[in-house]
Amino acid sequence: MAYNLKEQLNKPERFEAGHRLCAGCGAGIVCRAMMRALEPEDKAVICNATGCLEVSSFQYPYTAWHDSYIHTAFENATATASGVEAAYNVMRRRGKIKDTFKILAIGGDGGTYDIGFQSLSGALERGHDFTYFCYDNEAYMNTGTQRSSATPRFANATTTPAGVESVGKKQTQKDLTQIVVAHGAPYVAQTTLIGTLKDFHEKAHKAIYTEGPTFVNVLTPCPRGWQYPAELLPEICKMAVETCVWPLYEVENGEYHLSYMPKKKLPVEEFMKLQGRFRHCFKPGNEWTIEAAQEYVDKQWEALLAKCN
Amino acid sequence: MSIKDRLSGNEAIATAMRQINPDVFAMFPITPSTEIPQFYAQYVADGKVDTEFICVESEHSALSACAGAEAAGCRAVTATSSAGLSYMNEMLYVVASSRLPLVLAVSNRALTGPININHDYSDSMAERDSGFIQLYAENNQEAYDNYLQAHRIAEHPDVRLPLMVCEDGFITSHALENIELEEDEAVKDFVGEYHPENYLLKSENPLAVGPYGVSGYYMEARVAQAEAMKNAKRVILEVAADFEKRFGRHYEFFESYRMEDAELAIVLMGSSAGTAKVAVDELREEGVKAGLIKVRVFRPFPGEEIVEALKNCKAVAILDKSEGFSANGGPLFAETASAAINLEKRPKMIDIVYGLGGRDFTVGHAKRVFARLAKIVETGETGPIYSHMGQRDLRKEVQ
Amino acid sequence: MSKKAAEINEQIPWQELTTGCEIYEPGTSRLTMTGEWRSKIPVFHKEKCKQCLLCAPFCPDSSIPVKDGKREDFDYDHCKGCGICVTVCPFDAIEWKEVH
């Protein structure tokens, strides 16, 4: 079924206004789009890791969610989801519920790449029927932009600050999407917030309606942490894709498909220059950081293309 | 009709679980509780239960999965010990404050270090303030009976708190003893079905669980939880009364053994009671007015009731099978002594920490404790309030 | 106790809170007026709007209502004034003004 923005927006809103995410937070856009990817007749249970989204979307007595929602802790959204899925299976089997419920888990990169990695890996291996959405804003934003394993090399985070002896984070980020692929998950995708959100929607829908554990990694800009004016979010997402810093692709049963091939791959600095977290990279004497960042992106991109062909 | 059998404590608990047939069992193995999920896995494999049995990758995830399942509208259970319980620590508080009445079987075992697999209460005592109700058993029969009562206590609308059913690791968990089991149908009828008012998978309305609570709500939420723990005292006795009516075995907050006219008393928990009862009997033969209180319910702590039972004693020794490192005594002592604080005339009280990491506790030890109490009464001198017993020591044991 | 979120506030006693601080109804965040956070305000110029709807999905605050395939004016009770809609609009139909 072809994606039609108008039809999608005619659906009742399932992520309500009045949540307390920062103005311009990408996570709000992600949650709305995630919930639109559900068929209106299907219900959902959202299992949320501790983080910005959790403290903002369910502050007692105000929930932004129209569907059932559970937050228990930081490192265990997927373990909690495993329990909800087990409950769903047994209650269906025992005839206690008739509705279709989709089990969604959502966390930031902290709750997904790092502290929640064990429970994610465990649930992927066990093969529960759930979809995990990672809103990857590349640092621990809820506690004030500390580096995570998703933080790119050279980013200025509060625990990897730039200074006379430092050019920001020393390590490149963990490639979590491919680590999830290596678990044998039936559907894994990378997307971000661009255009009509068609790419996001189609991947989210496919993930939710593929049986088994599925994973969608969403690059989700954070205006405070990345240090850019909030209104630039669409431009930053676009540049992440056009520079191949964040390629759009999906992996179905181990087969890679590139979702978007930039007509002309832009230099990585087009992405970096929009954000204060890379400001030091543009200082005289630090040119090598941009070259090194480019080299890394090129290598990753080539490796991905080889997998997609 | 009760069925006579011979089971270990672990198999007794697994049997109770099989009879209840909970919706979800999330497991991760750890000695000495591992057998419980192993027995259960076989029940699943043999079609004796239709529980959703999931083998997760850690104890933290086991309790997290149980939290998800319980919130979703299910009866969820798990079992653990020692480091596994410590690893669950964060989630114990979450589960209790989210008021998810799941049941956790604990085969008590010492905490590291050094690493040790034998019995003491350092694991569950470290979680005494987690918000879980805690029931302790002297033997496999009590472990079984406590488990049968657990869901009804936890799920009572005035309570809605999670519950730990504790048995002594190896001593109870692995030793075969005679036991009276109840018929499957009688158990099902006693425990009943679980029908929460709201749950994640409810059709009529959604449920949101686990909010951020600003200080304008946090204290009220904690008071509500504290009141629920108080309510648990009433419900524990109500459930015990119905249990006795149906199955004939009597339970209270604690067992008073030969306490009617006791002047010297020991307060302890679990399997050590069997040993201490022998000492009480032998001393009674000699004319010593010895008695024993075996605490079954540690959370909620039945302070008033214990003090009522102890008030006519002259000297009391509280035996702690866990070291709290407070330099002022173990947790059972702290609770008991503080409960007695406002008595007009209260017995002298001492604390003895014993049996750590499976160190033997013999009738001889118990008698030495009573001898010390007799000396306290005779001299009027309490001596050291907090001491250890059973360790090799360059110093003489406190007499 | 199935109390409604609208009846729960920081003046009521603990006995009237929901058990475990659960909430039993959807989307109660609507009761929070996040529009008060705004330092700049988007103004919708209907006459310039081509109803391409690009702005609506990009609103993090669900504050661009869409009805029968058409966007309506902003939900100013909740719009935080981030300005994303201003930058995605290809037709300059959204003006971004300082709040005075």
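1. A salt bridge is a side-chain nitrogen of Lys or Arg within 4 Å of a carboxyl oxygen of Asp or Glu. A:Arg32 and A:Glu13 make such a pair, with their closest N and O atoms 3.0 Å apart. A:Arg32 sits in helix H2 of chain A and A:Glu13 in the loop between H1 and H2 of chain A, so the bridge ties together parts that are 19 residues apart in sequence. A:Arg32 has 3% relative accessibility and counts as buried. A:Glu13, at 27%, counts as partly exposed. Please keep in mind throughout that this is a predicted model.

2. Salt bridges overall. The structure holds 49 of them over all chains. In general terms, side chains of opposite charge can pair when their charged atoms come close. The next points pick out examples in chain B.

3. B:Lys294 with B:Glu138. Their side chains meet in a salt bridge at 2.8 Å, N to O. B:Lys294 belongs to strand E12 (residues 290-295) of chain B, while B:Glu138 lies in the loop between strand E6 (133-136) and helix H7 (140-155) of chain B, so the pair ties together parts 156 residues apart in sequence. B:Lys294 counts as buried at 4% relative accessibility. B:Glu138 is buried too, with a relative accessible area of 11%. The cut-off for buried is under 20% relative accessible area.

4. B:Glu335 with B:Arg299. The closest N and O atoms of this salt bridge are 2.7 Å apart. The pair links distant parts of the chain. B:Glu335 is in helix H12 (residues 331-339) of chain B, and B:Arg299 is in strand E13 (residues 297-299) of chain B, 36 residues apart. Are B:Glu335 and B:Arg299 buried or exposed? Both B:Glu335 and B:Arg299 are buried. Chain B also has a network: salt bridges that share partners join B:Lys4, B:Asp145, B:Glu180, B:Glu182 and B:Arg249.

5. Chain A against chain C. Here 37 residues of chain A are in contact with 41 residues of chain C. The two chains bury about 3100 Å² between them, with 64% of that on carbon and sulfur atoms. How many salt bridges are there between chain A and chain C? The count is 1. C:Arg30 pairs with A:Glu16 in a salt bridge, the closest N and O atoms being 2.6 Å apart. Polar contacts between chain A and chain C come to 19 residue pairs, both residues at pLDDT 80 or more. On the side of chain A that touches chain C, the elements giving two or more residues are helix H1 (5-10), helix H2 (26-36), strand E3 (62-63) and helix H10 (233-242) of chain A. By class, that side has 21 nonpolar, 9 polar and 7 charged residues.

6. Chain B against chain C. In this interface, 19 residues of chain B contact 17 residues of chain C. Buried area between chain B and chain C is about 1500 Å², 61% of it on carbon and sulfur atoms. The salt bridge count is 1. B:Arg160 and C:Glu22 meet through their side chains in a salt bridge, at 2.9 Å from N to O. There are 4 residue pairs in polar contact between chain B and chain C, both residues at pLDDT 80 or more. Which element gives the largest share of the side of chain B that touches chain C? Helix H9 (residues 215-247) of chain B does, with 7 residues. The classes on this side of chain B are 9 nonpolar, 5 polar and 5 charged residues.

7. Aromatic rings. The count is 23 aromatic pairs over all chains. A:Tyr249 and A:Tyr256 have ring centres 5.9 Å apart and planes at 15°, so this pair is stacked. A:Tyr249 and A:Tyr256 are buried. B:Phe243 and B:Tyr251 also have centres 5.9 Å apart, but their planes are at 70°, so that pair is edge-to-face. B:Phe243 is buried, at a relative accessible area of 0%. B:Tyr251, at 10% relative accessibility, counts as buried. One aromatic cluster is formed by A:Phe15, A:Phe58, A:Trp65 and A:Tyr69.

8. A:Thr160. This residue is in the loop between strand E6 (130-136) and strand E7 (162-163) of chain A. A:Thr160 counts as buried, at 12% relative accessibility. The side chain of A:Thr160 reaches the backbone oxygen of A:Ala155 at 3.4 Å. Leaving out residues up to four places away in sequence, A:Thr160 touches A:Arg147, A:Ala155, A:Gly168 and A:Lys169.

Technical notes:
Residues numbered from 1 in each chain as written. Chains lettered and ligands numbered in written order. Heavy atoms only, no water. Contact = heavy atoms within 4.5 Å. Buried area = accessible area lost by both parts, 1.4 Å probe. Polar contact = N/O pair within 3.5 Å; in protein donor to acceptor, adjacent residues only side chain to side chain. Helix = DSSP H or I, 4+ residues; strand = E, 2+ residues; numbered from the N terminus. Nonpolar A, V, L, I, M, F, W, Y, C, P; charged D, E, K, R; others polar. Buried < 20%, exposed > 50% of the residue type's maximum accessible area, 1.4 Å probe, protein only. Phe/Tyr/Trp six-rings, centres within 6.5 Å; stacked < 30°, edge-to-face > 60°.
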